[in-house]
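Biologist: I am new to this structure and would be grateful for a guided reading. Could we proceed by question and answer?

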Amino acid sequence: MQMILIQEVSKRYQVGKLTTSLKEAAAGWLSGRQAARWVWALRDVNLSVNAGEAVGIIGHNGAGKSTLLRLLARVSKPTTGRIETKGRMAALLELGAGFHPDLTGRENIFLNGTLLGLTRTEISKRFDEIVAFSEVESFIDTPVKHFSSGMTLRLSFAVAAHLNCDLLLIDEVLAVGDPSFADKCLMRMQHLRDQGMTIVLTSHNLRTVASFCSRALLFRGGCLVADGQPAEIVGLCENSTSRSEAIDPRHGWRARGVGAAG
Amino acid sequence: MTEYWRSLFKSRDLLYTWTLRELKVRYAGSLLGLAWALLYPLALLLVSMMIFAWFLRVPTSGVPAALFLYCGLAPWLFSSNTIQSSAFALFANLQLVKNASFPREILPLATVLVGAVDLAVSAALLAGLVFYYRCPVGSTLLLVPVLVVIQLVLTLALCLFVSAALVFYRDVRFLVPIALQFGLYLSPVFYPIDVVPLRGRFWYLLNPFAALIDGYRHVILFRTWPAWQPLVWAAVVSVVALVASYEHFKRVEWEFADRI
């Protein structure tokens with residue numbers, strides 16, 4: 001079953017000075033030109049992901065990895081093209097984004113859970129499980145501002161990982177945790193995958209991608225330049241780090257037919 | 001429109017949790033906590049009594065000045081404070097808007113609900129004053145819920161508009177307080193509507209807040225029914241404003257994450 005379908009998706013952002021004052025807006029309007037500079041964060045991406053796949057997205061900073069995840073998470077809309085996702089989705093895009101520092105861990109679990117689309121009853125049912133997984137029991141009634149970033153990660157991953165969702169999106173956040181918790185997260189994700197969940201994650205940790213994912217995507221300059229077996233793509237990425245001209249983003253380099261995967 | 005309502009209804013637990021969060025965070029760390037919801041209008045009542053009842057001797061149609069002033073102040077403060085704080089509802093929560101997908105109107109809506117808690121507290125204070133001054137009340141009180149609903153609709157409409165506008169134009173943070181000052185002085189908060197010259201009365205009552213505040217005084221303090229034309233006008237303006245600003249909000253909603 002197809003979980004994600006991305007067709008000819010491009011995303012453009014305004015960069016530099018944003019027109020956020022009325023004066024500039026009026027000036028731009030009167031002179032009939034837009035002073036804005038635009039940059040394409042994603043260019044013409046085509047992709048389809050099937051249920052049960054674990055897709056790792058790799059690429060340098062600014063390659064478009066996070067933008068793609070934001071679009072998938074429906075936080076923002078593509079400038080052109082179409083994105084379809086099926087089923088319930090949970091996204092961990094930025095560490096602690098759904099947390100409030102003045103609230104306790106307990107209150108934040110409810111806040112974070114409802115943000116991800118759960119009802120309060122559902123969260124209550126899974127509450128103990130979430131707390132047990134996060135291993136922060138003794139701090140659960142402490143305001144989150146006293147948490148370390150690792151503890152915040154534990155809690156936010158624990159909430160997302162106990163959602164019973166069909167699609168999990170994770171943007172780089174696992175890098176913050178200690179190695180043993182990162183392993184625990186990977187094991188949990190493996191378990192979720194075995195139950196049929198589809199996972200899309202971005203990472204700079206090529207080893208994680210190579211060992212955990214069933215498929216890897218390499219992005220460069222907003223383009224999907226390679227799609228295929230993790231070992232192959234990771235090798236490609238490592239090579240291209242030394243010889244950055246190895247892949248021409250305009251022509252692309254495909255280990256497997258893009259869009260026809262699975 | 002129905003589609004929006006459906007997605008909002010689906011996220012009702014988030015609305016509840018977020019409103020609870022706003023309430024907790026607002027009073028967290030303050031010594032007097034929720035008592036501020038009472039102390040704030042009381043302080044404003046004191047200073048306005050000094051100026052308008054003692055210095056200026058504003059006519060109050062035989063009603064005790066404290067009662068007269070507070071009956072205008074309480075509803076105005078609700079709208080004014082809510083609009084002011086909802087301006088930042090999206091802007092102050094950019095982390096959330098950038099990283100989670102949910103109906104964005106929940107954020108300004110929660111500030112209105114938090115304001116409604118304050119409104120309940122200050123309504124209790126008003127009831128206390130009515131009781132204290134032994135002000136007789138009558139069946140005209142039945143109109144109060146209607147007035148409250150109209151005011152809620154109008155306030156929500158303005159909150160949605162202002163919160164979205166601030167994301168696009170930072171100037172809005174300066175324009176909102178100015179507009180609210182205009183609203184305060186162009187509504188019969190500190191004076192009775194009778195002092196407005198008859199020639200200008202029609203234009204004055206085009207301000208829906210003027211009709212509402214005058215309406216509250218009529219039904220709570222004077223036991224008379226207010227003129228219906230300005231109130232019907234206020235109701236129509238409020239509903240049209242809410243539909244228009246909600247529609248606008250949902251149309252630009254997708255740009256918030258990219259703009260902030």
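Modeller: pLDDT is the predictor's confidence in each residue, from 0 to 100. The model is predicted, so that local features need pLDDT of at least 70 and side-chain atom pairs count only at pLDDT 80 or more, while totals for chains, interfaces and linings use all residues. Residues are numbered from 1 along each chain as its sequence is written, and chains are lettered from A and ligands numbered from 1 in the order in which they are written.

Biologist: What pLDDT does chain B average?
Modeller: In chain B, 100% of the residues score at least 70. For the complex, the predictor gives an ipTM of 0.83 and a pTM of 0.89. The average pLDDT of chain B is 93.

Biologist: How many helices and strands are there in chain A?
Modeller: Helices (H or I, at least four residues) and strands (E, at least two) are DSSP runs, numbered from the N terminus. By that rule chain A has 8 helices and 9 strands.

Biologist: Which helix of chain A gives the most to the side that touches chain B?
Modeller: Residues are in contact if their C-beta atoms, placed from the backbone, lie within 7 Å. The contact takes 23 residues from chain A and 21 residues from chain B. On the chain A side, helix 1 (22-31) and helix 3 each supply at least two residues. The most, 4 residues, comes from helix 3 of chain A.

Biologist: At what angle do helix 3 of chain A and helix 2 of chain B pack?
Modeller: Axes are lines fitted to C-alpha atoms, for helices over the stretch in contact, and angles run from 0 to 180 degrees between N-to-C directions. The axes of helix 3 (residues 105-115) of chain A and helix 2 (residues 12-27) of chain B are 9 Å apart. Their contact includes Phe110(A) and Leu111(A) from helix 3 of chain A, and Leu14(B) and Arg21(B) from helix 2 of chain B. The packing angle is about 145°.

Key:
Two residues are in contact if their C-beta atoms, placed from the backbone, lie within 7 Å.
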